[in-house]
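This briefing covers selected features of one chain, grouped by topic. The sequence and structure come first, followed by the notes.

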Amino acid sequence: MHPKHQAVIEDQVLQEASTWFAILQSENVSREDQQKWREWLSQCPANQLAWEQIEGIQAEFNQAANSSTSQYVIKQTPSRFFASKTTSLFSAVLVIIVSLLTFSFFTPFYSEIDKSHFQTAVGETRMIRLADGTQLWLNTNSSVDTQFSADLRQIILHKGEIFISSGKDKEYHHRPLVVDTKDGRLTALGTRFNVRYENNKTSLSVFEGSVKTAPSQQPTAVITQAGEQTIFNQQKILTNSLPVDPVNEAWTNGILLANDMPLCDFVIELNRYQESMIICPDELNTLRLMGSYPLNNIPRVLTAVEHSLPVHIWQVNKKIWRIDKTR
């Protein structure tokens, strides 16, 4: 807990007080400088309060150095200013001390910020419960930073896909929950939603509540409601109010959901969860899949695809598989 007088002194005022102290310690200090200092001192009580604090720091410094320096009394003209090398050194140190003090006292965002980094490997999904109660799922090959302060709950999605079920903010009731990608900012309005960042665009799917979408280079924002999907890049909203796709939530349960999904689109999704690659010729995209497929057992998925469609899946080499239509 900071002393009361520190809580009311503004950063700028403390900086001004330390600057005046350095000026008054100079060998070349003039009467005009002294007069300006008196005028500054009498401008407002905050200036006097800041000067008292500077004097307090000076007294502690003098005591530690076992030396005596002049004490300045508020509203009293200094008759002589000690300008030794020790005092000059103290003036420099004082400016640094005041800067550190004001940084600590007046920018709690930086001193109290809670930062964490999370990531998943290819084929891995992970659920994390954040400090505010929010549940955060990371899909395969994803990377995020979380930065929680007294003013903001920020999730930075660097790559991949996340699903968020926002919790009730237990410590603070006013902090917005935002997700930032290179394309812009998403602000949650009490919600469950999915965010995917890839190929220089961001896809948002809202399952509950609503989310405000603000592209980084567009002055206006849009609100995406539950059951809707929005796709955007840095410059603009690309599509808005599309029906939400359940596949964007099913992955949190380890399921790749296919609801009349073209085969090659299904393969593109499946390839995200493995180091090897499955090649699907474009002509096979006329074939469609229905069903739920476990992401933790891709060989089983491929067997199920062969049983569902007139295709043959074979291994080209250690890293590549291929799907061909059976004759």
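Helix α8 is mostly covered, with 7 of its 9 residues buried. The model is predicted.

- The buried residues of α8 are L263, C264, F266, V267, E269, L270 and N271.
- One of these, C264, forms a disulfide with C280, and the two sulfur atoms are 2.1 Å apart.
- The link of C264 and C280 is left-handed, with -75 degrees about the S-S bond.
- Both cysteines, C264 and C280, are buried.
- The structure holds 1 disulfide.

**The sheet of β15, β18 and β17**

- An open sheet is formed by 3 strands in the order β15-β18-β17, with mixed pairing.
- β15 (277-279) and β17 (311-315) are the edge strands, each pairing on one side only.
- From one strand to the next, the twist averages 25 degrees.
- β15 and strand β18 (residues 320-325) run parallel and are joined by 3 bridges.
- M277 has I320 as its bridge partner in β18.
- Helix α8 (residues 263-271) lies across β15, β17 and β18, and runs at about 170 degrees to β15.
- Helix α9 (residues 298-308) lies across β15 and β17, and runs at about 150 degrees to β17.

**Aromatic cluster**

- The structure holds 3 aromatic pairs.
- W137 belongs to strand β3 (residues 135-138) and F163 to strand β5 (residues 153-165); the pair links distant parts of the chain, 26 residues apart.
- W137 and F163 are both buried.
- F163 also pairs with F207, in a tilted arrangement at 5.7 Å centre to centre with 45 degrees between the planes.
- Because F163 lies in strand β5 and F207 in strand β9 (residues 201-208), this second pair ties together parts that are 44 residues apart in sequence.
- W137, F163 and F207 form one aromatic cluster.
- F163 has a relative accessibility of 3%, so F163 counts as buried; the cut-off for buried is under 20%.

- T120 sits in the loop between β1 (114-119) and β2 (126-129).
- At 7% relative accessibility, T120 is on the buried side of the cut-off and therefore counts as buried.
- Beyond neighbours within four places in sequence, the contacts of T120 are T125, R126, L138, N139, T140, N141 and S142.
- N141 is 21 residues from T120 in sequence, while their C-alpha atoms are 5.0 Å apart in space.
- A polar atom of the T120 side chain lies 3.3 Å from the backbone nitrogen of N141.

Conventions
Residues numbered from 1 in each chain as written. Predicted model: local features only at pLDDT ≥ 70, side-chain atom pairs only at ≥ 80, totals over all residues. Heavy atoms only, no water. Phe/Tyr/Trp six-rings, centres within 6.5 Å; stacked < 30°, edge-to-face > 60°. Helix = DSSP H or I, 4+ residues; strand = E, 2+ residues; numbered from the N terminus. Buried < 20%, exposed > 50% of the residue type's maximum accessible area, 1.4 Å probe, protein only. Contact = heavy atoms within 4.5 Å. Polar contact = N/O pair within 3.5 Å; in protein donor to acceptor, adjacent residues only side chain to side chain. Pairing = 2+ DSSP bridges. Axes fitted to C-alpha atoms, helices over the stretch in contact; angles between N-to-C directions. Disulfide = S-S within 2.5 Å.
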